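Me: I would like to learn how to read the main features of a protein model, one at a time. Could you take me through them?

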Amino acid sequence: MIIALPTRNNMIDDHFGHCEYFTLIEVSDNEVKTQKRFDSPEGCGCKSGVAPLLADAGVKLMLAGNMGQGALDVLKRNGIDVIRGCSGPIDEVISKWMNNELSDNKEICDHHDC
């Protein structure tokens with residue numbers, strides 16, 4: 001499975017649509033196999049066209065901080081599940097996911113300074 005994490009300075013970016021880049025992590029048998037950088041396109045995430053690009057890269061899950069309903073809908077339409085409410089260093093977040101310690105906080109960001 002390939003997991004995308006909106007990233008800034010090796011930390012989960014609090015705002016999906018304005019992240020510096022995405023970290024794509026391939027996990028198999030509860031072990032990180034590969035990790036690579038996927039540069040973010042310009043503009044807000046829900047309107048930038050990034051969702052189909054991530055889907056084409058094989059992403060099936062996004063571990064994110066905050067995002068609006070538009071971004072959530074676009075990701076889901078492209079076959080990408082989302083767990084919101086993640087924070088901290090990306091290595092810790094992926095470790096928590098592998099240990100079943102993450103759950104979606106179901107919060108929707110409804111303004112751009114979220």
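Predicted model: local features only at pLDDT ≥ 70, side-chain atom pairs only at ≥ 80, totals over all residues.

Me: How many helices and strands does the protein have, and in what order do the elements run?

Reply: Helices (H or I, at least four residues) and strands (E, at least two) are DSSP runs, numbered from the N terminus. Here there are 3 helices and 6 strands, and from the N terminus on the order is β-β-β-β-α-β-α-β-α.

Me: What share of the residues is buried?

Reply: Buried means under 20% relative accessible area, exposed over 50%, and partly exposed in between, with a 1.4 Å probe and protein chains only. Of the 114 residues in the protein, 40% are buried.

Me: What part of the contacts joins residues 24 or more positions apart?

Reply: A contact means heavy atoms within 4.5 Å. Among contacts with a separation of 6 or more, 49% come from residues 24 or more positions apart.

Me: Which loops hold asparagine 10 and asparagine 30?

Reply: Asparagine 10 lies between strand E1 (2-8) and strand E2 (11-12), and asparagine 30 lies between strand E3 (21-28) and strand E4 (31-39). Although not a glycine, asparagine 10 has a positive phi of about 60°, and asparagine 30, also not a glycine, has a positive phi of about 60°.

Me: Why does asparagine 10 count as partly exposed?

Reply: Asparagine 10 counts as partly exposed because its relative accessibility is 47%.

Terms used: Residues numbered from 1 in each chain as written. Heavy atoms only, no water.
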